[in-house]
Amino acid sequence: MGKTIVIVGGQWGDEGKGKIVDILTGDADVVCRYNGGNNAGHTVVVGTENFKFHLIPSGILHRSKMNVLGNGVVIDPEVLIGEIEGLASRGFSVSEKNLSISSSAHVIKKSHIEEDEKKGRAIGTTGRGIGPCYVSKISRSGLRMMDFIKSSSPYANRLKPFVKDTYLIVNNAISNGKNVLLEGAQGTLLDIDHGTYPYVTSSNPIAGGACTGIGISPKSISSIIAVLKAYSTRVGSGPYPTELGTENETKSEDRDLGLTTQDFDGANKGNEYLQGKVLRKQGMEYGTTTKRPRRTGWFDCVAARYANTINGTDGMAITKLDVLTGLNKLKVCVAYDTGGKRIANFPLDIEVLSRCRPVYREFRGWQEDISHARKLSELPKEARLYLDALQNLTGTPIAMVSVGPERSQTIILKKKLLF
Ligand code: GDP
Ligand code: IMO
Ligand code: MG
């Protein structure tokens, strides 16, 4: 029997979903994107080559798979065609044999982008027209792919061969015992219903979004893998309890300058902004879509427990563990302090969340390069203890650990949750 696996972002997006999807795609027959649009940016590194995806699932790099853009996705036709042509120019041909677009997916229009650029600033949107397009969809005045391809747009004919009733492709694959991978964009805390509203995106990145965004039954899902960084990042505005340094400090930093020994010394003496700077520079935390510097912070178990509850996470994929190398002390947020009252559950009231101060537990860091580790036993003791703590404090097993951007830089721990 085949499996259907959901890959979901467990934080504020950019957790490394693209890399994890790329690894699992090796054993998948169909790879589907279920939400969002070209606000997403998924980077996949294969050998010396770097691929950036905004819409097409990274499954396209494994040539024989079928890739699906589900009904839950919003599509900017010009961006999609640009992505198809960019891949073709690098030797990855995209045709109706390996890409299908849901006939019910909604189309982003120029007017949506203009509106987003005007009104989305306060939230820090990517300005790609995502919110306004979903507004049109929900208000039942949107344009769907099935109608777009009948229009006089210069892109209509180019996209026509790809547009299908994709629910059939995916459900037939499931019935025929194929392996299906469902890829979410963004992350749980950016979910329109369950994220830090209004500082969220306009779709449902959570695992449940895979069912509505593709048209499959919740009963068909075999396992849910939430991807979380070994620390945390957030791009755009909104509360972020474990943030290191301020949003303004992050914005004013010179992007082109690397880390100095003074930065490391300062970080190891306890300067929070410099700790965040080390994470940003070592993790190359700059947006794939907008190039904005990402805000950085410690791993937040309160937020992770919330994400694992909402998603029903079976196993976590912990990425970018290598980025913590060189920091003497690591912190993990175990609870929030709201002016004297300690809380362990993630509050939904944004004003309460904004007042939450992290209660930390400290761990020893490590100095060794861990990017060559392929087994848990090849990690320094401190790194293993850190992973144990994430597992225990979130109450969720770790299925995979990533120690570098490359496919091979991965430690698999719970094969039974994967294909
Ligand atoms: P996504 O949006 O969740 O797919 O994540 P992004 O691609 O936006 O950001 C993750 C970035 O981290 C990408 O540049 C990846 O190549 C990179 N990356 C993924 N896993 C690792 C890892 O384990 N270590 C390091 N150093 N980089 C990683
Ligand atoms: P991936 O798939 C991180 C953020 C934006 C902004 C908010 C709303 O790469 O993880 P939008 O343009 O969606 O209306 O912006 O959501 N955001 C992301 N942050 N990763 C993403 O995607 C994001 N997509 C949107 O920065 O704060
Ligand atoms: Mg990203």
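## Ligand 2 and its contacts

In this predicted model, a polar backbone atom of D14 lies 2.7 Å from an oxygen atom of ligand 2. This is a polar contact (a pair of N or O atoms within 3.5 Å; within protein, one must be able to donate a hydrogen and the other to accept it, and residues adjacent in sequence count only if both atoms are side-chain atoms). H42 reaches an oxygen atom of ligand 2 with a polar side-chain atom, at 2.8 Å. T201 also uses its side chain: an N or O atom there is 2.6 Å from an oxygen atom of ligand 2.

Around ligand 2 there are 20 residues. A residue is near a molecule or strand if one of its heavy atoms lies within 4 Å of it. D14, K17, H42, T126 and T201 come nearest to ligand 2.

## Ligand 1 and its contacts

Ligand 1 has 19 residues around it, and K17, G41, T43, D322 and S402 come nearest. A polar backbone atom of G16 is 2.9 Å from an oxygen atom of ligand 1. A polar backbone atom of G18 is 2.8 Å from an oxygen atom of ligand 1. K320 contributes a side-chain N or O atom, 2.9 Å from an oxygen atom of the ligand.

## Backbone features

Most residues other than glycine have a negative phi, and most peptide bonds are trans. D14 has a positive phi, near 60 degrees. D14 sits in the loop between strand 1 (4–9) and helix 1 (17–25). Helices (H or I, at least four residues) and strands (E, at least two) are DSSP runs, numbered from the N terminus.

R140 has a positive phi too, near 65 degrees. Its loop runs between helix 4 and helix 5 (145–148). The peptide bond from Y197 to P198 is cis, with omega near 10 degrees. P198 belongs to the loop between strand 10 (180–183) and helix 8 (208–214).

## Helix 3 against helix 4

Helix 3 (residues 110–119) packs on helix 4 (residues 130–138) at about 125 degrees, and their axes are 7 Å apart. Axes are lines fitted to C-alpha atoms, for helices over the stretch in contact, and angles run from 0 to 180 degrees between N-to-C directions. The two helices are therefore oblique to each other. Angles under 35 degrees count as roughly parallel, over 145 as roughly antiparallel, 65 to 115 as roughly perpendicular and the rest as oblique. The crossing of helix 3 and helix 4 is right-handed. A crossing is left-handed if the near helix is turned anticlockwise from the far one by less than a right angle, and right-handed if clockwise.

H112, E115 and D116 in helix 3 touch I130, P132, C133 and S136 in helix 4 (contact means heavy atoms within 4.5 Å). These residues divide into three nonpolar, two polar and two charged. Ala, Val, Leu, Ile, Met, Phe, Trp, Tyr, Cys and Pro count as nonpolar, Asp, Glu, Lys and Arg as charged, and the others, Gly among them, as polar.

## Helix 10 against helix 11

Helix 10 (residues 261–268) and helix 11 (residues 272–282) cross at roughly 130 degrees, with axes that come within 8 Å. Helix 10 and helix 11 are therefore oblique. Their crossing is left-handed.

From helix 10, Q262, D263, F264, G266 and A267 meet L274, Q275, K277, V278 and Q282 of helix 11. The contact holds four nonpolar, four polar and two charged residues.

## Conventions

Residues are numbered from 1 along each chain as its sequence is written, and chains are lettered from A and ligands numbered from 1 in the order in which they are written. Local features need pLDDT of at least 70, side-chain atom pairs count only at pLDDT 80 or more, totals for chains, interfaces and linings use all residues, and side-chain values use heavy atoms, with hydrogens and water left out.
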